[in-house]
Amino acid sequence: MKKALSILGFSSSPRLGPFEQQLLEEIWARGNATVRELLAKGTLSQAYTTVMTTVDRLYKKGLLDREVEGRAFRYKPRVSQAELQRNAAVEGIRRLLQSGETSSLPLSYLVEAVSAHDAELLDELQDLIERKRRELKSKSESRQGKGEERR
Amino acid sequence: MFAVREIAVSLTFFVLLYCCFSLMVVLGWHRLKTLRLNEKSSADILFLARILPMLASVAMTCAFVVPSFQLLEPRGIEEETGMLPVAFGIAAMVFIASACYRVIKAQSRTARMVAQWLERGQIERRAAYTVCSRNDVPPLTLVGLCKPQVLVSDRTLGILTGNEMEIALRHEQAHISSRDNLKKLILQFCPFPGMSQLEMAWAELAELAADDAAVSSADDAVDLAAALVKLSRLVPVRVVPICTVGFVTGSVGLRVARLLEWGKTRENRSRIPRWIPISMLVGTAIILVVTYSPALVVTHEITEFLVR
């Protein structure tokens with residue numbers, strides 16, 4: 001996810017820094033959180049004010065909703081991780097297609113990359129099938145062996 | 001003028017009902033995924049949900065709007081038709097024309113491409129399929145609406161074993177039984193924004209249902225998975241005509257994973273019991289009979305409101 005966000009970036013969607021990404025992932029994982037709850041977990045080494053201003057920036061970028069809870073805010077994600085990932089992918093592909101003078105060139109890189117990825121996936125699936133075939137064969141052989149023993 | 005008003009009002013009702021029902025389907029079809037049904041039943045339900053707006057709006061227009069206008073609208077009085085029914089009537093006609101255009105375009109493109117495959121390549125007709133020796137022909141695909149036939153590239157015959165070929169043909173036979181090519185064409189007649197996800201989900205489930213229908217043992221499942229992987233390497237990167245069903249479509253990874261787990265995935269899900277659709281139909285018919293007269297009156301009141 002982090003890789004997708006940092007490689008592809010955003011233009012219509014806001015660009016995220018590493019700490020913003022980290023906080024967003026924390027909030028996705030928890031469902032909702034206050035700044036104090038985020039710090040209480042112990043995974044963040046930043047100061048309270050740093051976390052607070054970063055979360056506030058995420059709110060202003062439209063990625064979080066917030067509601068008042070006592071004297072603090074409780075933050076909730078406005079978009080799901082999948083939605084953000086999809087937006088990032090679409091935006092990245094759009095930028096890739098616009099990057100060359102002719103659109104067919106970057107498109108051919110994309111097809112090449114997808115084909116290479118597909119070939120790897122198909123090789124993995126082929127291995128799984130062969131393993132399953134061997135498993136079924138050994139099962140049927142052991143069944144035959146038991147049948148002959150009974151006779 | 002009476003006939004013009006009747007047509008305008010009927011078309012207005014049709015287009016309003018179609019938009020309302022379609023919007024309901026776009027917003028609510030995801031809930032259908034929570035039903036624990038087998039793939040065939042799920043695919044059937046999704047297809048029904050997809051075409052329900054068209055079916056329901058045509059049925060309600062014909063069953064209520066036209067009769068209420070015919071029976072309850074006084075013919076002697078000349079009323080002016082308001083702007084609303086005229087505008088919606090024109091919108092409905094544009095919609096119907098565009099739907100017809102989509103159907104004709106999809107079918108003619110498919111027919112043209114299939115004709116190209118069959119004319120330019122060497123053809124060998126066999127009992128269960130037709131072999132075509134062209135590089136751009138998909139490895140295994142189902143073409144045709146009324147008399148569907150399975151088209152196989154000669155490279156496919158070269159790489160599949162006898163068992164794999166037999167199971168793959170059984171898979172296509174399941175698509176023939178479900179009339180999936182015809183269903184794809186019908187979908188073209190029901191355009192509405194936001195339906196593409198539902199259509200993709202249906203297509204995916206139709207593939208899984210055909211996989212299930214083709215397989216009757218773990219060995220069959222492995223053979224079908226092997227055929228899928230082998231043919232995936234042959235699929236040409238190009239647009240496939242709408243009204244065809246390719247063997248290698250949907251998520252190959254998911255399909256192979258399901259096939260390798262054959263037996264475990266089948267046990268959990270059930271078919272829809274026949275009594276449910278039958279009782280729903282009977283119930284609807286009874287409600288219609290009981291409430292028909294008051295419903296006509298209400299429809300006519302709405303008609304009057306629209307006309308003015």
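Helices (H or I, at least four residues) and strands (E, at least two) are DSSP runs, numbered from the N terminus. Under this definition, B:D211 lies in helix α7 of chain B.

## Basis of the model

This is a predicted model, in which local features need pLDDT of at least 70, side-chain atom pairs count only at pLDDT 80 or more, and totals for chains, interfaces and linings use all residues. Residues are numbered from 1 along each chain as its sequence is written, while chains are lettered from A and ligands numbered from 1 in the order in which they are written.

## Chain B overall

The secondary structure of chain B consists of 11 helices and five strands. Its C-alpha trace spans about 75 × 45 × 30 Å along the principal axes. Of the 308 residues in chain B, 35% are buried; a residue is buried if 20 or more other C-beta atoms lie within 10 Å of its own, exposed if 12 or fewer, and partly exposed in between, with C-beta atoms placed from the backbone.

Two residues are in contact if their C-beta atoms, placed from the backbone, lie within 7 Å. Among contacts in chain B between residues at least 6 apart in sequence, 81% join residues at least 24 apart.

## The sheet of chain B

Five strands of chain B form an open sheet of mixed pairing, in the order β1-β2-β4-β3-β5; two strands pair if DSSP finds at least two bridges between them.

Strands β3 (residues 140–143) and β4 (residues 149–153) of chain B run antiparallel and are joined by four bridges. In one of these pairings, B:V143 has B:Q149 of β4(B) as its bridge partner.

## Helix α5 and its surroundings

Helix α5 of chain B (residues 162–178) has 17 residues and reaches 25 Å from its first C-alpha to its last, close to the 24 Å expected at 1.5 Å a residue. The expected span is 1.5 Å times one less than the number of residues. The buried residues of α5(B) are B:E164, B:I167, B:A168, B:H171, B:E172, B:A174 and B:H175. Seen down the axis of α5(B), these buried residues fall within an arc of 145 degrees, so they line one face of the helix; the arc is that of the directions from the helix axis to the C-beta atoms.

The elements covering the buried residues of α5(B) include β3, β4, α6 (180–188), α7 (196–214), α8 (218–232) and β5 of chain B. On the face of α5(B) turned away from its buried side are the exposed residues B:G162 and B:S177. After α5(B) comes B:R179, which has a positive phi, near 55 degrees.

B:D211 counts as buried because it has 25 C-beta neighbours inside 10 Å. Not counting residues up to four places away in sequence, B:D211 touches B:H171, B:L224, B:R255, B:R258 and B:L259. B:H171 is also one of the buried residues of α5(B). B:D211 and B:F247 are 36 residues apart in sequence and 9.8 Å apart in space, C-alpha to C-alpha.

## Helix α11

Helix α11 of chain B (residues 275–307) has 33 residues, but its end C-alpha atoms are only 42 Å apart, short of the 48 Å that a straight helix would reach at 1.5 Å a residue. α11(B) bends by about 65 degrees at B:Y292, and a proline, B:P294, follows within four residues. The bend at a residue is the angle between axes fitted to the seven residues ending there and the seven starting there. α11(B) is hardly covered, with two buried residues among its 33.

## Chain A

Chain A has six helices and two strands, which follow the pattern α-α-α-α-β-β-α-α along the sequence. Of its 151 residues, 13% count as buried. Residues 24 or more positions apart account for 51% of the contacts in chain A with a separation of 6 or more.

A:P77 is found in strand β2 of chain A (residues 72–77) and is buried, with 21 other C-beta atoms within 10 Å. Leaving aside neighbours within four places in sequence, A:P77 is in contact with A:I27, A:W28, A:L63 and A:L64.

## Interface between the chains

In the interface, 12 residues of chain B are in contact with 10 residues of chain A. On the chain B side, the elements that give two or more residues are α8 and α9 (252–260) of chain B, and α8(B) gives the most, with seven residues. The residues on this side divide into eight nonpolar, two polar and two charged. Here Ala, Val, Leu, Ile, Met, Phe, Trp, Tyr, Cys and Pro count as nonpolar, Asp, Glu, Lys and Arg as charged, and the others, Gly among them, as polar.
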